[in-house]
Amino acid sequence: VTNGDPAEPLRENGAGLEAVFGSGASSFRRRLAAGALVGIAVLVVLGSFLAWRQYEDGKQQAVREMDARVVLAAAVFDTYFAGRISTLEAVAAAPSVVEMNTARMAQYMKRVQGDPKHPLFTQGIGWIDLSGHPRVTDKSPTGTTVDVSDRLYFKRPIETGKPFISGGLVSRVAKNRIMTISVPTRDVNGKISGVVSGSLKLTPAKKPSARSIELGFEGVSILDRSGQQLTDPSFSVPANRALLPKLRHGDGAMADTKGLEGDSGRVVAFANSKLPGWTIVLDRSRSEVFAAARRSFVIEMISIIAAALVAAGLVAWAISRSRRELAAERDQMRRWDELAQSLGEASAASEVSAALGSALTTAFPGADVIVALHDDERGGFRVWTYGGGERGPLDRRAPGVTEVARLVFSSGSPLRLTDPAVLESLLAPLAGRIERSPGELFTVPMRSQVGVTIGSSTLLLPSDTRLGGAEEALVVAHTEYAARALGRARRSEREHDVAVALQRSLLPAALPPVDGIEVAARYNAGADDLEVGGDWYGLIRRPDGIVHLTVGDVAGRGVTAAVLMGQLRYAFRALAYELIEPGEIARRLSRLVPEGGMATATFLALDPYTGELSYASAGHPPSMLLDSLSGEVTLLDQGAAPPLGWTGLEGLEEGRLTLHSGMTLLAYTDGLVERRGFGIDEGIDDIAELLGRRSQLGAEQMADEILETIAAPVSASDDIALLIIQLLDVPSVMNVEVPADPSILRSLRARINAWLERRGVDELKRLDAILAVSEACNNAIEHAYADGDGMIRLTIEHAAGALRIVVEDAGRWREGTPDPTRGRGLMIMRETMDAIDVVSSEAGTRVELELRLVETPAANEPTSTTG
Amino acid sequence: VLHIDVSTGGDGSVVVTLSGEFDLVSVAAFDDALADVQGRRPERTVMDVSGLTFLDSSGINALLRATKALQTAGGSVALRSPSTATRRILEIARVTDLVAIVEEDNPSGTATETRPAEAR
């Protein structure tokens with residue numbers, strides 16, 4: 001029996017919401033990610049553009065700087081050579097030179113040169129006469145024999161009367177690479193007398209000097225007027241001669257061009273120094289010149305990319321965090337869903353408590369959870385404990401637990417305790433069971449819809465844990481949810497109580513006593529929290545003395561099962577009076593089971609006088625027959641058919657056997673033999689073994705014994721109904737009422753015969769008694785009830801060595817019928833019986849017969865009939 | 001339940017073999033069977049009652065009714081081989097005065113002819 005599942009639609013709904021919410025969030029997340037990446041890309045492009053612009057500016061700056069360096073260098077050279085010219089002009093104006101006194105001139109020149117290790121003119125100073133021969137040098141007063149008349153530094157000052165600076169030369173004697181500065185000399189009359197020249201050795205530096213590096217001149221090239229590279233040891237002319245004319249004209253700088261040696265990708269800065277007529281050139285590779293700019297560009301680009309990566313990382317982190325939060329939220333929703341479902345399914349307070357406990361334990365692992373609920377019926381509280389981490393839940397009966405659960409009852413609003421001192425004193429009774437200093441105690445009242453506090457849920461958190469605001473809200477919400485479910489569960493419990501009461505009312509309060517048998521019946525309701533089952537038992541003693549017994553079990557639980565059980569039981573009562581055969585009762589009952597319903601049942605018909613038993617089982621576990629003499633147990637497994645409510649009962653044939661005194665029948669429902677982890681056969685074996693062991697017990701004691709030793713340890717979760725019938729001594733009185741119908745006479749005779757045989761009456765007396773009863777019944781049927789149905793009551797008492805037989809009917813003699821007392825039947829009765837008395841009245845006819853079984857000396861005179 | 005078997009004997013007589021319980025409920029069946037026998041107007045009818053396990057006054061009455069009818073039609077009737085119990089009942093009911101009782105090995109019978117007037 002199902003009573004609907006309210007949690008089902010809720011769950012579907014929840015799943016749907018989650019799906020909708022989930023997909024919306026993920027598309028939002030995708031849009032956010034895309035937007036962030038586009039933004040980062042735009043920033044990177046913009047930043048790169050700016051960096052590139054800066055790079056370009058930096059390159060121009062570097063070019064301008066080279067230009068400035070070269071101009072500066074040119075100015076330095078001009079200044080330098082102006083100074084040297086001035087020095088030489090001073091020498092030319094010296095009196096010894098004017099007077100052409102060679103001896104003094106030589107001394108003077110030596111003085112001008114200064115420190116011989118570091119002379120002013122490194123190649124020397126000399127005076128050359130008009131013939132072109134050096135007459136005096138700083139090293140020799142007599143000069144040299146070298147003819148330098150072809151040198152420009154000699155010819156040009158003579159021709160122009162102006163100073164001259166040569167290009168690169170190779171000295172004729174020492175073959176040094178030199179340059180020479182010369183000024184004309186004049187005699188006392190002002191006529192040009194010769195030339196004073198000072199020469200400088202050109203020694204290319206092996207490496208740039210610190211000063212040149214400081215001034216940015218390293219690697220400078222100096223070209224003289226003829227294009228020779230003075231900075232080159234071989235005075236070579238640059239390979240890229242095409243460049244020379246450009247260099248000659250003014251100052252400037254050319255970027256990304258061919259250099260002096262024809263290499264491309266160069267930056268060439270140049271300036272002309274007028275005095276020496278030199279061109280100062282800085283020829284550097286682009287990479288070298290733009291290194292700084294490029295470096296800063298690279299650094300900027302690295303910074304931009306790093307910033308972009310950081311930004312992208314932040315976005316990714318934010319998204320993954322939001323995804324985690326979403327997942328946590330979904331997790332939370334799922335738990336809510338689970339809580340809602342288990343609360344929806346809860347039909348008892350204990351199930352509500354279990355659902356809440358499970359939800360809180362999952363949400364706060366390691367915490368102790370105490371749920372307390374007001375017990376409506378018994379007063380006080382029912383307390384459950386959950387969680388407790390690895391240690392396991394607290395003992396719910398431990399001292400202090402209930403006190404903790406009650407904390408919040410008076411306040412009516414959530415209570416949060418974190419002060420260690422307060423907690424310690426409060427939880428003192430629990431010392432040793434929980435850790436010494438819990439982190440927090442949070443307790444929430446559970447209130448009914450009308451605001452009455454009906455319970456509480458309490459969280460005891462581990463020492464390193466505190467609840468956040470959201471978590472407290474969660475506990476409160478869970479508890480409120482459980483409170484609502486509790487209302488439903490209470491209603492469901494009331495339904496349970498109604499069903500139990502209904503079932504109890506449907507079961508017979510007491511079984512009618514039956515001669516010759518002792519009967520015991522038990523009904524054991526299943527566990528408290530389960531719904532009531534549909535087990536039943538019943539016993540009917542028919543007027544004809546046949547006893548119908550049944551034990552059955554309606555499939556399903558609750559009120560529906562109890563109602564069907566009631567229907568079947570009442571139908572059984574009605575059918576039992578109508579039918580003798582148990583198989584026919586099963587067939588007729590089966591038709592009463594409504595569509596979708598099902599029940600199993602066993603039906604037994606026992607004649608306590610004859611000991612004859614017939615039985616049928618509709619899908620029910622087999623009844624057991626115990627022979628107390630041998631202790632042997634037989635399973636009554638014939639007459640089996642499908643359960644009631646199924647088809648296939650038509651071909652049912654009853655099992656039949658004859659019982660004798662001392663035998664015991666046990667019929668039961670499957671709750672007795674079904675237990676977890678074991679098959680039904682093991683259960684049956686256990687019961688059979690118990691019956692055999694305790695075969696001497698009476699029916700009532702045996703019923704108690706079975707329930708105590710078998711049912712109790714199983715903690716019977718299912719209902720149990722059982723019926724025990726013990727056959728006592730053969731009854732001494734047969735008392736039956738049968739319809740006044742000729743067709744029943746045969747079986748009645750057979751029953752009387754079997755009963756008397758069991759009573760030990762010999763065959764001849766049995767025949768006489770049966771004949772007499774038959775005659776009395778014939779009379780009743782033929783005369784009293786000739787025009788309709790009626791009942792015949794028969795009583796046979798076997799006592800004191802005699803059979804006393806009374807046959808009564810409630811019919812009236814028909815007018816005009818012959819006097820029965822004169823008939824052959826009466827004759828037979830008179831002849832076979834020791835005494836006969838027939839009394840007819842308005843109420844009916846009563847025939848009393850007596851048959852002595854032991855011969856007595858007294859004469860047996862038939863009595864006369866009274867009318 | 002009464003079993004009724006009608007056959008023809010070696011001497012041309014009709015043999016009605018009755019077995020089982022002859023009580024009130026069997027009367028109708030017996031009457032039907034004997035109506036057929038009467039239709040044949042047999043000279044001699046033997047009712048073999050050896051197989052009867054029960055006989056009461058309703059059976060006896062039916063037997064006597066049939067006997068009377070057959071005798072009225074000119075035939076003779078005998079009851080053959082009753083068991084001890086049956087013979088006792090027949091004696092108690094004084095049937096032996098009305099109908100000849102014969103044994104199996106003496107089919108001709110020794111009993112006197114019944115007097116129709118006394119059959120009820």
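Analyst: Happy to. Let us start with helix H19 (residues 824-832) of chain A and helix H3 (residues 84-92) of chain B, whose axes come within 9 Å and cross at roughly 115 degrees. Here axes are lines fitted to C-alpha atoms, for helices over the stretch in contact, and angles run from 0 to 180 degrees between N-to-C directions. Helices (H or I, at least four residues) and strands (E, at least two) are DSSP runs, numbered from the N terminus. H19(A) is therefore roughly perpendicular to H3(B); angles of 65 to 115 degrees get that label, under 35 is roughly parallel, over 145 roughly antiparallel, and the rest oblique. The crossing of H19(A) with H3(B) is right-handed, a term for the near helix being turned clockwise from the far one by less than a right angle, with anticlockwise giving left-handed.

On the H19(A) side, the contact is made by A:Met827, A:Ile828, A:Glu831 and A:Thr832, and on the H3(B) side by B:Arg88, B:Ile89 and B:Ile92. Contact means heavy atoms within 4.5 Å. These residues divide into four nonpolar, one polar and two charged, where Ala, Val, Leu, Ile, Met, Phe, Trp, Tyr, Cys and Pro count as nonpolar, Asp, Glu, Lys and Arg as charged, and the others, Gly among them, as polar.

A word on provenance: this is a predicted model, in which local features need pLDDT of at least 70 and side-chain atom pairs count only at pLDDT 80 or more, while totals for chains, interfaces and linings use all residues. Residues are numbered from 1 along each chain as its sequence is written, chains are lettered from A and ligands numbered from 1 in the order in which they are written, and side-chain values use heavy atoms, with hydrogens and water left out.

H19(A) has a further partner in chain B, helix H2 (residues 57-72): the two axes come within 9 Å and cross at roughly 130 degrees. That angle is why H19(A) counts as oblique to H2(B). H19(A) passes H2(B) in a right-handed crossing. A:Arg824, A:Gly825 and A:Ile828 of H19(A) meet B:Ser57, B:Ile60, B:Asn61 and B:Leu64 of H2(B). This set holds three nonpolar, three polar and one charged residue. A:Ile828 takes part in the contact with H3(B) and also in the contact with H2(B).

B:Ser81 lies in the loop between strand S4 (76-80) and H3 of chain B, and its phi is near 50 degrees, a positive value in a residue other than glycine. Most residues other than glycine have a negative phi. B:Ser81 counts as buried because its relative accessibility is 12%; buried means under 20% relative accessible area, exposed over 50%, and partly exposed in between (1.4 Å probe, protein chains only).

A:Phe235 sits in the loop between strand S7 (220-223) and helix H6 (243-248) of chain A, and with 8% relative accessibility it is buried.

For context, chain A has 19 helices and 31 strands, and buried residues make up 47% of its 867 residues.
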